[in-house]
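Visitor: I have this one open and want to go through some local details. Can we start with the backbone and work inwards?
Guide: Fine, go ahead.

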Amino acid sequence: MSKVVGSARSGTVDAIIVPTIAPHRVGSAIALAEALKCTIVLLCSTSSQVQDMRKSYDLPSNAFCLKAPPGYGHPLLDFERRAMEKHTDIAMKRNIGLLLARLCGWRTILFLDDDIRGMEPSLILRAAALTEQYRVVGFQIPDFPDNSVVCHANRVSGGAQSTFLGGNAILVDASRADTYFPAIYNEDWLFLYDAVADRSAGVAGRLRQLAYDPFGRNAAPEEFGELIAEGLVRALHSGSDVSTLHFWADAIKKRSRFIDEVADRLHGSARAEDERIPDRARILLRLDEAKMRLLEISPVTCLSFYRTWRKNVDIWQRQLLDLPTSLTPQQAVRYLRLSSE
């Protein structure tokens, strides 16, 4: 859905936005910002994380270490009202990044998770040049892909598992970014949806992600976001009408079948002579969590979310039109009522 592209030219990056809860992992992002001579915004969740960040690093003068706690609120973000799983606070932090970019007049920003590595400055600058052509430019991350619990289970079971352009490392033309990150798992897929649909998303080069235990978390909070995002991406391929109950009923059936197929492969491997999947029992438990959550989701719920999300995108776009666009970073931080303590 996104095109692999390349550039011989170098662009510029105005700011790097890093949502984090792990101060010890942001050193690579800080070093990249210093190499690119750009602003870096480190968005922590607690005061202790902010303090740890300042103790651990000699932050440059154009670094902003801010607290954006889960309870953070601002009138610009009050439009989204839902009763679904919010999963983490990463969507809120990324939306803060978008607002800071608009308020400061930054054109090109890099959203970067704290566990991404391999960010050679030359690679990032070549990718930044591509934002003149594409609204968003991301990277392939093949070594340890940032998939959901169920998708990791599919890969472990021997199933073919693709990856998608994600928000963990993505350059955004903030002047043309008119969507937001909804508070849902796969918030980055939904942020990218319109750009992908318009063929305005590119992939430039490879990065890597630090290894983690994909089965150490409950799969249930991811399931609604997985269902929505996979349905929307499938519709981009097929041209299906996502604004019908029939589409979402079919999406739920396909998702249920997929989880069952992964579980069947894992059960089948238990009967094999070689013990190929030593963590099988825990993986099957994760699949059970996902399936139980899926059984609670109705086509009406999916369609209601889709309609509300599209209305929220319209609200977001109208709000952006009314924002000042030439504030200093310090003024923008105050405008958004963010704290560095």
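Visitor: Where is Arg199 found?
Guide: Arg199 sits in the loop between helix 6 and strand 9. Keep in mind that this is a predicted model.

Visitor: What is phi there, for Arg199?
Guide: Phi of Arg199 is near 55°, which is positive in a residue other than glycine. Most residues other than glycine have a negative phi.

Visitor: Is Arg199 buried or exposed?
Guide: Exposed, because the relative accessible area of Arg199 is 76%.

Visitor: Take helix 10. What is the angle with helix 6?
Guide: About 65°, with the two axes 13 Å apart. That makes helix 6 roughly perpendicular to helix 10. The crossing of this pair is right-handed.

Visitor: Which residues meet there?
Guide: From helix 6, Leu190, Tyr193 and Asp194; from helix 10, Phe305, Trp309 and Arg310. By class, the contact of helix 6 with helix 10 has 4 nonpolar, no polar and 2 charged residues.

Visitor: Then helix 3 against helix 6. How do the axes cross?
Guide: The axes of helix 3 and helix 6 cross at roughly 40° and come within 10 Å. The two helices are therefore oblique to each other.

Visitor: Who is in that contact?
Guide: Ile90, Ala91, Arg94 and Leu98 on the helix 3 side, with Glu187, Asp188 and Phe191 on the helix 6 side. The contact of helix 3 with helix 6 divides into 4 nonpolar, no polar and 3 charged residues.

Visitor: Change of topic: the core. Which residues touch the most other members of the largest nonpolar core?
Guide: Ile96 and Trp248, out of 83 residues in that core. Helix 3 (residues 90-104) gives the most to this core, with 9 residues.

Visitor: What is Ile96 in contact with, leaving aside its sequence neighbours?
Guide: Outside four places in sequence, Ile96 is in contact with Leu43, Ala68, Tyr72, Leu77, Leu336 and Leu338. Another core, of 34 residues, lies apart from the largest one, and includes Val18, Leu112, Phe139 and Ala204.

Visitor: What about Leu76? Where is that one found?
Guide: Leu76 is in the loop between strand 4 (63-67) and helix 3. Leu76 counts as buried, because its relative accessibility is 10%. Leaving aside neighbours within four places in sequence, its contacts are Leu99, Trp316, Gln319, Leu323, Tyr335 and Leu336.

Visitor: Back to helix pairs. At what angle do helix 5 and helix 9 cross?
Guide: Roughly 135°, with the axes of helix 5 (residues 149-156) and helix 9 (residues 280-295) coming within 10 Å. That makes helix 5 oblique to helix 9. The crossing of helix 5 with helix 9 is left-handed.

Visitor: Which residues make the contact?
Guide: Val149, Val150, Ala153 and Val156 in helix 5 meet Ile283, Arg286, Leu287 and Ala290 in helix 9. The classes in this contact are 7 nonpolar, no polar and 1 charged.

Visitor: Last one, helix 4. Which residues are buried?
Guide: In helix 4 (residues 121-129), Leu123, Ile124, Ala127, Ala128 and Ala129 are buried. What covers the buried residues of helix 4 includes helix 1 (27-36), strand 5 (108-112), strand 7, strand 8 and strand 9.

Key: Residues numbered from 1 in each chain as written. Predicted model: local features only at pLDDT ≥ 70, side-chain atom pairs only at ≥ 80, totals over all residues. Heavy atoms only, no water. Axes fitted to C-alpha atoms, helices over the stretch in contact; angles between N-to-C directions. Helix = DSSP H or I, 4+ residues; strand = E, 2+ residues; numbered from the N terminus. Parallel < 35°, antiparallel > 145°, perpendicular 65-115°, else oblique. Left-handed = near helix turned anticlockwise from the far one by under 90°. Contact = heavy atoms within 4.5 Å. Nonpolar A, V, L, I, M, F, W, Y, C, P; charged D, E, K, R; others polar. Core = buried A, V, L, I, M, F, W, Y, C linked by side-chain atoms within 4.5 Å. Buried < 20%, exposed > 50% of the residue type's maximum accessible area, 1.4 Å probe, protein only.
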